[in-house]
Amino acid sequence: MELTREKLGGADDLRIRQLRARDMLRGDISDEELERYVEERVLTTTLDKAVAWARGNSLFPATFGLACCAIEMMSVVGARLDIARFGFEAFRASPRQADLLILSGRVSIKMAPVVRRIYDQMLEPRWAIAMGACCSSMGVFNNYALVPADKFMPIDVHVPGCPPRPEALMHGILKLRAKIQGDPPAGWRERYEAFGTEEVVGAADRPGVNAVNVFQSGETSGA
Amino acid sequence: MDAVTVSDYRRQEESITLSAEPAPGGEDLSQELMTINMGPHHPSTHGVLRLIVTLEGEIVRDLKPVIGYVHTGIEKTAEDKAYWKAIPVVERMDYLSYYFNAMAYCGAVEKLLECEVPKRAQYLRVIHLELNRIMSHLVWLGTSALDLGAISVWWYCFRERESLLDLFEMSSGQRMHTRYFQVGGVIEDIPRGFEAKVRAFTKTMRTRADQYAALLDRNEIVLQRLRGTCPLDEATLLGLGVTGPLLRAAGNPWDLRKAAPYSSYEDFDFKIPVGTQGDNYDRYRVRHAEIYESCDIVDQALDGLPEGPFITEDRKVALPPRHELATSMEALIHHFKLVTEGFRVPPGEVYYPIESPRGELGCFVLSDGSSKPARVHMRDPSFVNLQATAPMTRGSYIADLVATLAMLDPVLGGVDR
Amino acid sequence: MPDATGLELIAQDLRASHPDAVLGTTFFREEATLEVAPARLLDAATQLHARGYSFLASCHGVDYYPAEPRLGVHYQLLDMPNVDRICLKARVGVEDPHVPSLCELWPGANHPEREVYDMFGVVFDGHPDLRRILMPEDYEGHPQRRDFPVGGEPVIFTYNEDKIPGWTR
């Protein structure tokens with residue numbers, strides 16, 4: 001099946017919309033006003049902003065405690081530093097229902113594939129916080145047994161500390177909320193410009209096909 | 001893995017055989033055995049514990065724990081660091097009883113060095129150890145109640161825990177993994193106001209523990225889930241090497257604080273709670289009663305807290321006080337040597353056991369005469385206690401399995417190290 | 001702890017029943033260690049068990065590099081009624097690291113012996129289920145041997161941050 005991708009936002013495209021709108025309005029409004037008219041009608045930016053605001057305020061963290069940082073994460077849920085006042089108290093056990101993975105604790109090499117699998121099972125848009133020094137860098141234990149989380153999964157916010165105070169974790173979560181409310185691209189590949197590692201079945205024998213998710217050089221800026 | 005190298009247990013894992021046991025309630029009905037996987041990401045396993053459970057219906061026929069999901073190579077890392085720099089590394093092993101990890105390690109090194117710990121330091125250590133024991137039992141109680149469904153208790157226990165962590169922060173600046181215990185004593189004396197706060201805490205802790213008992217002790221659901229479930233007799237427990245509240249719940253009053261007192265525990269008067277039947281309910285009651293005893297020990301230690309140095313005066317082992325560096329050349333040299341190289345420990349091997357909230361926590365240190373340990377091994381109680389899961393849960397339901405895991409109190413950081 | 005003479009008496013009894021068992025005794029910092037030949041480990045443990053040291057407190061491994069034989073297995077035994085501890089030690093070389101398993105005497109030696117196998121490579125003959133416990137099952141190497149590298153990630157400072165391949169770049 002041939003998949004073509006339409007690029008929106010170029011000058012030609014608005015012209016098409018403009019022409020259609022002109023046809024619709026029978027020439028009552030002219031160029032710039034017409035563009036403004038079309039944009040206001042669609043309300044893209046404001047609606048996106050509203051969705052992003054709602055998304056940021058309704059994170060469902062996944063219960064993913066690994067080691068000592070998990071105890072401090074439990075303190076964040078506790079009564080003193082109440083995570084419920086932000087609306088994030090609904091910790092879901094199933095990754096299918098969660099959208100925030102707080103990696104709290106040290107990720108050993110035995111656990112890394114399990115973490116990756118849990119992250120893959122989460123539905124987009126999903127976010128990840130590396131809580132503590134051990135998963136962000138190697139922390140106290142720079143040895144054979146640990147893997148820094150950046151090596152196998154994309155992390156949005158790193159919270160330093162060993163273990164980070166619950167206030168520090170809260171600060172990290174709020175920073176993540178601000179990031180979400182800034183409406184970044186939902187898919188993690190766009191967010192991190194992580195192109196070049198996708199797999200597409202069958203695209204190799206049809207070069208030049210504009211398949212989805214295949215990096216064509218020159219298409220994305222900066223990658 | 002190709003078929004040739006598949007191990008027997010994996011094959012057994014994937015097979016479905018008919019159970020040898022007769023189905024409960026049915027005449028001549030045999031059921032299929034099904035092997036399922038619980039964890040490592042699971043809301044009810046305490047940490048990253050993976051259990052491969054062979055079930056017949058809802059009844060657990062066999063159980064194999066798979067661990068290693070939070071293996072951190074602590075013992076290998078500690079070999080790479082000077083003796084006092086290994087303390088923070090070793091502290092992070094059993095992450096709910098960090099003072100105990102530090103105590104076992106420092107005790108082993110002090111034994112090798114034949115270093116005297118001043119009386120005041122011993123009492124301060126006891127205060128912090130018992131406060132840590134209360135904190136560990138609070139987290140245990142909260143998470144166990146959460147597993148059983150009594151979710152409110154979790155909030156109450158963590159509220160108490162916050163006051164405790166305030167105390168730790170007062171004495172050492174950190175809530176967890178405080179690096180407070182050093183070889184030869186403690187790193188700093190307690191500040192003004194600490195004693196009053198601790199006394200206020202122990203007073204409220206007793207009332208709060210009464211409240212938890214009122215919520216749980218005679219609760220019909222708790223009784224049905226814990227009374228009589230998964231008992232294990234003392235002889236099997238001893239054969240498995242199980243110590244701590246699990247052994248005490250079965251009736252054996254073995255407690256290293258009384259049997260082989262260390263760090264001035266012989267000066268304090270406290271009781272050892274012991275159970276009668278060895279089932280889950282006894283394990284819960286034993287740990288709950290230990291909270292009161294720990295409060296008593298803390299109060300007695302504060303009453304009898306002697307004046308004196310808080311760390312050994314041996315400048316070859318402990319850092320000199322800061323103000324001496326301005327005037328004394330020897331202090332400067334000692335400080336320099338200790339910070340850069342660290343103290344050297346005479347060669348030998350030592351095993352130092354203490355009583356942690358989960359059982360016997362032992363530290364084995366092999367020294368080769370240099371300033372870095374040649375081998376540090378922490379004998380963690382959860383690692384050995386986990387072997388009791390299978391005998392305990394054979395023949396019981398999955399719900400009992402969850403309750404038993406909760407009452408076992410495994411801390412996977414200690415299991416995996 | 002049995003004092004030095006107590007330890008010698010224990011060693012003497014062991015020598016009487018198994019002449020080639022005892023390789024040495026050490027009494028250091030009030031702790032008794034009895035070093036036995038690996039082949040006689042089960043006999044020595046049975047005798048100590050009958051003598052009252054019926055609780056296995058700990059089983060751990062040590063790498064004595066560069067001293068030979070390199071790999072040591074320690075069994076820390078405890079006599080609960082008398083509060084007596086003794087360490088039973090067996091040392092094997094890296095080439096032929098076989099030691100009889102004590103799982104029949106103490107079922108609680110199961111996981112600790114698996115850990116010693118995993119970390120040091122000591123093979124316990126007669127162990128019901130000897131496979132890796134802490135490392136992944138297909139891991140190669142025995143991490144806690146002294147000649148195994150500590151590993152880890154290089155620490156990124158300003159002088160090498162351009163040369164080290166970044167995790168997110």
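In the predicted model, chain B contains an open sheet of three strands, which are arranged in the order 1-2-3 and pair in an antiparallel manner. Strand 1 (34-38) and strand 3 (59-66) of chain B form the edges of this sheet, each of them pairing on one side only. When direction is ignored, neighbouring strands of the sheet are turned against each other by 25° on average. Strand 2 (residues 50-56) of chain B runs antiparallel to strand 3 of chain B, and the two are joined by seven bridges; in strand 3 of chain B, the residue that stands opposite B:Leu55 is B:Val60.

When residues up to four places away in sequence are not counted, A:Leu103 touches A:Phe64, A:Val115, A:Ala128, A:Ile129, A:Ala130, A:Met131, A:Cys135 and A:Ala149.

The contact between the chains takes 30 residues from chain A and 28 residues from chain B. On the side of chain B that touches chain A, at least two residues each are supplied by helix 2 (74-79), helix 3 (86-91) and helix 6 (151-172) of chain B, and helix 6 of chain B provides the largest share, with four residues. Sorted by class, this side of chain B has 14 nonpolar residues, together with nine polar and five charged ones.

Methods:
Residues numbered from 1 in each chain as written. Chains lettered and ligands numbered in written order. Predicted model: local features only at pLDDT ≥ 70, side-chain atom pairs only at ≥ 80, totals over all residues. Contact = placed C-beta atoms within 7 Å. Nonpolar A, V, L, I, M, F, W, Y, C, P; charged D, E, K, R; others polar. Pairing = 2+ DSSP bridges. Axes fitted to C-alpha atoms, helices over the stretch in contact; angles between N-to-C directions.
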